[in-house]
Amino acid sequence: MLNNKFIVIEGIEGSGKTTMCHFTKNLLFEYGITNIKSLREPGGTPLSEKIRCLIKHSVENEPIFYETELLLIYAARVQLIKSIINPELKKGTWIISDRFTLSSLAYQGGGRGIERNKILFLQSLFAKNPIPDVTFYLDVKPTIGIKRIQKRKHLDRIEKNKLDFFVKVRKIYLTYVNKDPKIIKINANHSLNTVKKNFKLQFFSWLKKDT
């Protein structure tokens, strides 16, 4: 029997994270694993979901400063870790998370330009554990990602950022992919069926290493 794992799916807007989180759950079912909880960041608890609304939507006549955004994200994350992730991992539940700490380094660090050491300091104080067992990074060119999300009826505050923002976010993601063996890069520029096929191969290859 496999020990439960903490699985994270990362990527910029339009990379297909949410779709692949659902797909990952189905792959685990296929493998005979049913004790699974799917989460999203920011969010995942009633309080964290309220914080998510603050982060995702502009406040009338008041800018959300980059540092405020970062602190709100960590407030939601701490709530999620303490309320759900750590207790569920202790019970043997498999966790699939749509984003985790790497998103803060990419978005608030790369996209917003907040110093990496400040983000890592917050992480060391409040989100040092748990560490994901694996992160699947869905790599998509920002031009393709933006084209995909523009098909949506409404864009949130993060999705409305310009191309340059997502270029900087992707650059940081790729620096971590190149130095962290626990991050598996998936080419997400292709059709959904092709991405799913490649993801499935990579996912089961990773999973079987622990059997």
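In this predicted model, both faces of strand S3 are covered. Trp 94, Ile 96 and Asp 98 are buried on one side. Ile 95 and Ser 97 are buried on the other. In a regular strand, side chains alternate between the two faces of the sheet. Five of the five residues of S3 are buried, so the strand is largely enclosed by the rest of the structure.

S3 belongs to an open sheet of five strands. The strand order is S2-S3-S1-S4-S5, and the pairing is parallel. Strand S2 (36-40) and S5 stand at the edges with a single partner strand each, so one side of each is left without a neighbour in the sheet. From one strand to the next, the twist averages 20 degrees.

The pairings of S3 can be followed residue by residue. S1 and S3 pair in the parallel sense over four bridges. Within this pairing, Phe 6 stands opposite Ile 95 in S3, and Val 8 stands opposite Ser 97 in S3. Helix H3 (residues 66-90) packs on the sheet, where H3 touches S1, S2 and S3. The direction of H3 makes about 155 degrees with that of S2. S2 and S3 also run parallel, joined by five bridges. Here Arg 40 stands opposite Asp 98 in S3.

Helix H8 (residues 192-208) has 17 residues. From its first C-alpha to its last, H8 reaches 24 Å, close to the 24 Å expected at 1.5 Å a residue. Its buried residues are Val 195, Phe 199, Phe 203, Phe 204, Trp 206 and Leu 207. These residues cover an arc of only 155 degrees around the axis, which puts them on the same side of H8. The face turned away from that buried side carries the exposed residues Asn 193, Lys 197, Leu 201 and Lys 208.

What do the buried residues of H8 pack against? The partners are strand S1 (6-10), helix H1 (17-30), strand S3 (94-98), strand S4 (134-139) and strand S5 (183-187).

Nonpolar side chains in soluble globular proteins tend to be buried together. The largest nonpolar core of the model holds 57 residues. Which of its residues touch the most other members? They are Ile 7, Ile 9, Leu 28, Tyr 107, Phe 136, Phe 199 and Phe 203. Two of these, Phe 199 and Phe 203, are among the buried residues of H8.

Ile 9 shows how these elements meet. Neighbours within four places in sequence are left aside. Ile 9 is then in contact with residues including Lys 17, Met 20, Cys 21 and Thr 24. Its contacts also include Ile 96, Ser 97, Asp 98 and Arg 99. Phe 136, Leu 138 and Phe 199 are likewise in contact with Ile 9. A second, separate core of five residues includes Ile 51, Leu 72, Ile 73 and Ala 76.

Lys 168 lies in helix H7 (residues 163-177). Leaving aside neighbours within four places in sequence, Lys 168 is in contact with Gly 110 and Gly 111.

Note on methods. Residues numbered from 1 in each chain as written. Predicted model: local features only at pLDDT ≥ 70, side-chain atom pairs only at ≥ 80, totals over all residues. Heavy atoms only, no water. Helix = DSSP H or I, 4+ residues; strand = E, 2+ residues; numbered from the N terminus. Expected span 1.5 Å × (residues − 1). Buried < 20%, exposed > 50% of the residue type's maximum accessible area, 1.4 Å probe, protein only. Arc of directions from axis to C-beta. Contact = heavy atoms within 4.5 Å. Core = buried A, V, L, I, M, F, W, Y, C linked by side-chain atoms within 4.5 Å. Pairing = 2+ DSSP bridges. Axes fitted to C-alpha atoms, helices over the stretch in contact; angles between N-to-C directions.
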